[in-house]
Amino acid sequence: PTRILAASYATSANVKKITVIGSGLMGAGIVQVAAQSGYHVNMVDLKEEFLAKGEKIITSSLKRVAKKKHGDDAAASKKFIDEVMSRISLSTDSNKAASESDLVVEAIVENIKTKQALFKALDEAAPKDAIFASNTSSLPIADIAAATNRKDKFAGLHFFNPVPQMKLVEIIRIPETSDEVFNTLSDVTKKMGKVPVACKDTPGFIVNRLLVPYMMESLRLVERGDASMQDVDTGMKLGAGYPMGPFELMDYVGLDTIKFITDGWYKSGKGLVGDKLVAPSPLLEKLVKEGHLGRKSGKGFYTYEGVGADKGK
Ligand code: NAI
């Protein structure tokens, strides 16, 4: 008789319902691309008002997508937006949302204790086969996974801001992450129209491990008085073909975020402790202390018209 392989082989076909926890900048983006690709998604946050904010991020982004897709055809645009939105449910109960999900993606505040507490509770509440993923930028995936009893079904799923536009997703494997889980996450991200790359659980993964020291080096260059920040930005755009210079990029990411990441790595980043590449920068420290955090606060290295404005001066 034919031997039937009983081992459950997870594929993206098994992922039908996704829960995204955190409906901020990243969470809302992940919910949007998942729903646009046909997944049913639970969007979870602590309060209704935060969910409403996330919903607003999604609808305004979908309007832009609809305009590109359907131009001035208002009926077609409305149909497209309504269809995507119909696949999104809102909830303030992360355990209940996870209990009916095949994949849970966490995009909450970047705090190890908060993430561990969340995953500990989810581990009890979610089906035992559900895959857990964290969108963390700077915390070790292993430390977050340690709060669960499903390390084989745990990975990092690192999207980039703005999620609907940025094609890359880094999939971070801890030693326990199974091949099936990795392959499933790879398939799911491809279905979302993204390009997955794999990386071990090292500080910054691929992109930020290279980008953050580059940004810090640009700060040192200006601090030494070797060049002006405007000339550094122009240099990297016109000489290296980067779409933004490092100072424009830091304003976009948020100066508090850059400080948070480098402080963490300088103190406890594997292979980076005490490394001058990620040592504090006086210029960055000063701006953060003054509350100049970049575009989101209206001023960082450059000044922006109105808080959250798109155009720098
Ligand atoms: P955000 O501050 O815009 O959103 C976080 C959301 O999580 C908030 O709405 C907050 O109310 C909610 N939240 C906090 N604790 C919660 C809990 N226990 N349960 C449910 N919801 C909770 O933050 P953002 O920028 O979206 O970042 C989220 C995560 O994504 C962080 O881990 C960050 O490191 C990572 N990330 C951020 C990127 C960025 O460019 N902002 C890029 C890639 C990753």
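**Ligand shell.** I sorted the shell around the ligand by class and found nine nonpolar, seven polar and three charged residues; Ala, Val, Leu, Ile, Met, Phe, Trp, Tyr, Cys and Pro count as nonpolar, Asp, Glu, Lys and Arg as charged, and the others, Gly among them, as polar. This is a predicted model, where local features need pLDDT of at least 70, side-chain atom pairs count only at pLDDT 80 or more, and totals for chains, interfaces and linings use all residues. Residues are numbered from 1 along each chain as its sequence is written, and side-chain values use heavy atoms, with hydrogens and water left out.

I counted 19 residues around the ligand, with Met 26, Asp 45, Glu 110, Lys 115 and Asn 135 the closest (near means a heavy atom within 4 Å).

**Polar contacts.** I looked for pairs of N or O atoms within 3.5 Å. A side-chain N or O atom of Asp 45 sits 2.6 Å from a ligand oxygen. For Asn 135, a polar side-chain atom is 3.0 Å from an oxygen atom of the ligand. Leu 25 uses a polar backbone atom, 3.1 Å from a ligand oxygen.

**Cover.** On its own the ligand has 840 Å² of accessible area, and the protein covers 75% of that (Shrake-Rupley method, 1.4 Å probe).

**Second largest pocket.** Which residues lie nearest its centre? I noted Ser 138, Leu 139, Pro 140, Gly 264 and Ser 268, among 22 lining residues. By class, this lining has eight nonpolar, eight polar and six charged residues. A pocket here is an open set of points on a 1 Å grid over the protein atoms alone, where a 1.4 Å probe fits, with protein on both sides within 12 Å along at least five of seven lines; lining residues have an atom within 4 Å of a point.

Terms used:
A polar contact is a pair of N or O atoms within 3.5 Å; within protein, one must be able to donate a hydrogen and the other to accept it, and residues adjacent in sequence count only if both atoms are side-chain atoms.
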